[in-house]
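Trainee: Before we go through this entry, I would like each term set against its cut-off. Please show me the model.

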Amino acid sequence: MYTKPIPQADDESREFYDGARRHELMLMRCRACRAWRLPSRPRCPDCWSTDTEWARASGRGTLYSFGIMHQKFPGFEADTPFQYAVVELDEGPRIVSNVVDVPPDGLRVDMPLLAVFDDVSGDTTLIRFTKAAA
Amino acid sequence: MAHELRAKAAITGLGISDMGRVYGHDAQHFAAEAIQRAVADAGLKKEDIDGLLVNPGVTPVGGMGGVGLQNYLGLTHLRLLSSMNVGGATANAMVQYAAMAVIHGMANHVVCVFADAPLREGRGGGAAYAGMGRSARPSGMSGLYSAFGVFGVNAHYALATRRHMAMYGTTGDQLGAIAVAQRQWAAKNPIAEHREPLTIDDYRASRWVAEPLRLLDCCLVSNGGVAVIVSRAGDAKALRQPPAYIWGMGQGHPGDMRRKGWDVETQTGAPMSKKTAFAMAGIGVQDVDVLQAYDCYTYTVLVTLEDYGFCAKGEGGPFVADGKLAPGGSLPSNTGGGQLSAYYMWGMTPLSEAIIQARGQGGERQVPKHDVVLVTGNGGILDHHSTLVLSPNPS
């Protein structure tokens, strides 16, 4: 049984979570200055335009940093310590996630990663990352 | 030509409440106790206080705009009142706003106070902070933090520390050297919570909190309060204590676009803050006699040393490894033990020790040459930085 917190979409993040369910990594993009952004917010922090679209990202990125959490939190008891990561997407924005199918001593900051989609419940998919093929 | 704000204000009072694992009181009690002691320390009367700036911690104090604390203390003729929060950068920031207010005649004696009471008997020190950002039903983009277990400040500082290690080869033992040096200072501070000896082996044996951070990389959590009083330099000489003149003030808030090319984890707002403060003070980094560096984690000290130019970017690890921050070292730093070993009062920890050193009241831990005392504040996840340059000298 999946015990960890399941994030609920709100109006500003619905496209992101719906995209994940379709196994697509969706990001916001400013239609005025073309800058990608995450988290999703109605106003572009670069040019302040509210003219916004959602677009599919490549799913490629690099490992910006990672940690191994040893503190116990509700829902995470069974697999603590656990790894968490910040991934810098090729489009620019950074996303909170984790890296799967790589042993702990195989993790390297700046290593190339690729998004994988984990259907953790009937209506929620989490975007994790794995080592990209060289 | 000296900067128009240089040494025009001074810190004239310091009050430290009963501190640490003190139970049975709320933050307002600690704030009031600290203020009462600061007013007595300065040789002022309650009626002299005409400004109050309040920095709440994680438990409430002061109410909206500080009026709750104002009324609790019966301060009935304030000309300046506010509640402020830029995390651990607030203490220095409050002093800066207070200094500008007194210099320009908006108030005469402004109390700046931080107080918090997150500790409860029988509960671990970390419990009050670790749950930050946790929600049973997380929603929106921030729900990703909950989904992946990225809770509390430890998780974020671990990411910053890891990034620095990967970029520059910084090691755990180098971080440990900071913890060991500060404990050596704490042994000489009667009000430090941890005065027992600490070796690098003790550091290596301490448990992981969030790798690469060990327990001994993390600050304490304390109950207590600290208050300081800011007055015009011209009024300071007549008061009870040796004034700590405010030579320089600055802040840096670089923002975080959370994308490629934006590396506040390893390049903080400190250079921006330093530039303003050092230009005002008319000093360079080589002039600093004593450093009180914000130390929520060992890593925060390391990155601060780099960002002030005590060493080059990336060389913080080797810089601290030889013990130069410790008693007898060439850069006496966090001389009361800091937040790692003495007490965790956010930016008031480095500020309070800076005042003690500037006054020459450090007793066993007093640094003989203390003409220029640098105080740094850091708030959020390296989001906010603030700088004060203090001196016992009026010019």
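Mentor: The model is predicted: local features need pLDDT of at least 70 and side-chain atom pairs pLDDT 80 or more, while totals for chains, interfaces and linings use all residues. Residues are numbered from 1 along each chain as its sequence is written, with chains lettered from A and ligands numbered from 1 in the order in which they are written.

Trainee: What makes β1(B) and β8(B) a pair?

Mentor: Two strands pair if DSSP finds at least two bridges between them. β1(B) and β8(B) have two bridges, in the antiparallel sense. Strands are DSSP runs of E with at least two residues, helices are runs of H or I with at least four, and both are numbered from the N terminus. Chain B has 14 helices and 11 strands.

Trainee: How many bridges join β1(B) to β7(B)?

Mentor: Seven, with β1 (residues 9-16) and β7(B) running antiparallel. B:Ala10 has B:Ser231 as its bridge partner, and B:Gly15 has B:Ala227. β4 (residues 109-116) of chain B is also antiparallel to β7(B), through eight bridges; there B:Cys112 stands opposite B:Val228.

Trainee: Why is β1(B) called largely enclosed?

Mentor: A residue is buried if 20 or more other C-beta atoms, placed from the backbone, lie within 10 Å of its own, exposed if 12 or fewer, and partly exposed in between. Eight of the eight residues of β1(B) are buried, so the rest of the structure largely encloses this strand. For β7 (residues 224-232) of chain B the count is eight of nine, hence "mostly covered". Across the 395 residues of chain B, 57% count as buried.

Trainee: Which strands are the edges of the sheet?

Mentor: The open sheet has nine strands in the order β3-β2-β4-β7-β1-β8-β11-β10-β9 (chain B), with mixed pairing. Its edges are β3 (80-83) and β9 (290-292) of chain B, each of which pairs on one side only. Neighbouring strands are turned by 25 degrees against each other on average, direction ignored. Helix α1 (residues 27-42) of chain B packs on this sheet, touching β1, β2 (51-56), β4 and β7 of chain B. The direction of α1 makes about 125 degrees with that of β1(B).

Trainee: What makes the radius of gyration of chain B agree with that of a compact globule?

Mentor: The radius is taken over C-alpha atoms, and the rule is 2.2 Å times the number of residues to the power 0.38. With 395 residues the rule gives a value near 21 Å; chain B has 20 Å, so it agrees. The C-alpha atoms fill a box of roughly 50 × 50 × 40 Å along the principal axes.

Notes: Axes fitted to C-alpha atoms, helices over the stretch in contact; angles between N-to-C directions. Contact = placed C-beta atoms within 7 Å.
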